[in-house]
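Please consult the sequence and the structure shown below while reading.

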Amino acid sequence: MSESTAPARAEIVVDLAAVHDNVAALRAHVAPAAFMAVVKADGYGHGMVEVARAAREAGADWLGVATLDEARALRAAGDDGRVLCWLGVPGEVYDDLVVGDVDLSAYSVAQLDEIRAAASRVGRAARVQLKIDTGLARGGATPGEWPGLVAAARDAEEAGDLRVTGIWSHLVASDDPDHPANAAQEAVFAEALAVAETVGLQPEVRHLANSAAALLRPGARHDLVRCGLAIYGLDPAPGVTTELMSDLGLVPAMTVQGSLVRVKPVTAGSGVSYGHTWVAEHDTTLGLVPVGYADGVPRAASPGAEVWVAGRRRPLRGRVCMDQLLVDLGDDDEVAAGEPFVLLGPGTRGEPTAQDWAEAIGTISYEVVSGLGGRLTRRHVCRSGEPV
Ligand SMILES: *Cc1c(COP(=O)(O)O)cnc(C)c1O
């Protein structure tokens, strides 16, 4: 036990107490609507199974995933609560998910037929949630296809092949409360619910809202909200939801950290990294960070992004490489190889956040955290830093 292990080159540390408390706060805020924690894409880079457990402990009524394999992984990890999965492709085999009581989304009559076939093979009614495309033009039945889909679903219910447990849609611009698409989509959704009711469908849950809508549009919450980004403590509509996020006490759960490989002086006029796109104006000191674009730090992060080293934010210099990047330590001669760095974290000590990285790159924090991986190791802790 006393054997010391090599220090992590660079790692993702996920505070599961933060995830737990974020879920609890969001859930209380949206009540009486039920709460779905969206854990797709490996929990937005935070670890799907671990995040799912923390979310369940905090009372998440549902888990949401995109692919069937993600739903399978939750069941294999022992989760036996409600799980909705929404991205089956044609030809998908649903049998084990019907047996596992996963709620499956259907976008079309053809997909409904595949699910029905699975249900009759395994001799169990499938749980199906019908998706209406209210304007995103992505998945879901178009309003023109909707009457046909609900009629086919009602027939399948009567035949005992499935039960329609939900009707749902997804918003175009929930991060922009003034966008006209919001009200337009709500109206299409209300109409779709009315059509479903006329054929006799009685879904358990109607749902439309992701994190931003759950926070900003109480009228879009219906019976259930699907929160992804906010459970990780990140701001789904920077500048719009920021204050509410902080009032609710939501805290970013992810920290990316490690130690500097090398610290070396460069003289004025020296070019740095591939292409010498950055040339030192003055003598300075560079720190070598062992993380690169193969680990999910976009090449576009330089110039612009910063890394926290020895109590200060240090700018990236020159191109981000596949395995490493360089930061400018200025005339700080206290810093040596092995010095800890924080690429991003909750921001409480002054370190950059995923949102800061997103702004430096010209993207959204969703892409920053879900893209981090590669050779970064991942460790789950509770707030005190203790392992869970
Ligand atoms: C990813 C996703 C969500 C979660 O969105 P956030 O903005 O992260 O809260 C909700 N619903 C669907 C359909 C999704 O694909």
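## A tilted tryptophan pair

W168 is buried, its relative accessible area being 2%. The model in which this value was computed is a predicted one. W86 is likewise a buried residue, at a relative accessible area of 11%.

The ring centres of W86 and W168 lie 5.7 Å apart, and their planes meet at 50 degrees, so this pair is classed as tilted. The two residues come from distant parts of the chain: W86 belongs to the loop between β4 (82-85) and α5 (95-99), while W168 sits in strand β7 (residues 162-168), 82 residues apart.

Y44 is part of helix α2 (residues 40-45) and Y232 of the loop between β9 (224-227) and α10 (242-247), so the contact ties together parts separated by 188 residues in sequence.

Y44 counts as buried, with 7% relative accessibility, and Y232 counts as buried at 1%. Together with Y366, Y44 and Y232 form one aromatic cluster.

## Cysteines without disulfides

The number of disulfides is zero. For C85, the nearest cysteine sulfur is that of C227, 19 Å away, whereas a disulfide requires sulfur atoms within 2.5 Å. C227 is likewise in no disulfide, and its nearest cysteine sulfur is that of C85.

Both cysteines are buried: C85 has a relative accessible area of 2%, and C227 has one of 0%.

Notes:
Residues are numbered from 1 along each chain as its sequence is written. This is a predicted model: local features need pLDDT of at least 70, side-chain atom pairs count only at pLDDT 80 or more; totals for chains, interfaces and linings use all residues. Side-chain values use heavy atoms; hydrogens and water are left out. Buried means under 20% relative accessible area, exposed over 50%, partly exposed in between (1.4 Å probe, protein chains only). Helices (H or I, at least four residues) and strands (E, at least two) are DSSP runs, numbered from the N terminus. Rings of Phe, Tyr and Trp (its six-membered ring) pair if their centres lie within 6.5 Å; planes under 30 degrees apart count as stacked, over 60 as edge-to-face and the rest as tilted.
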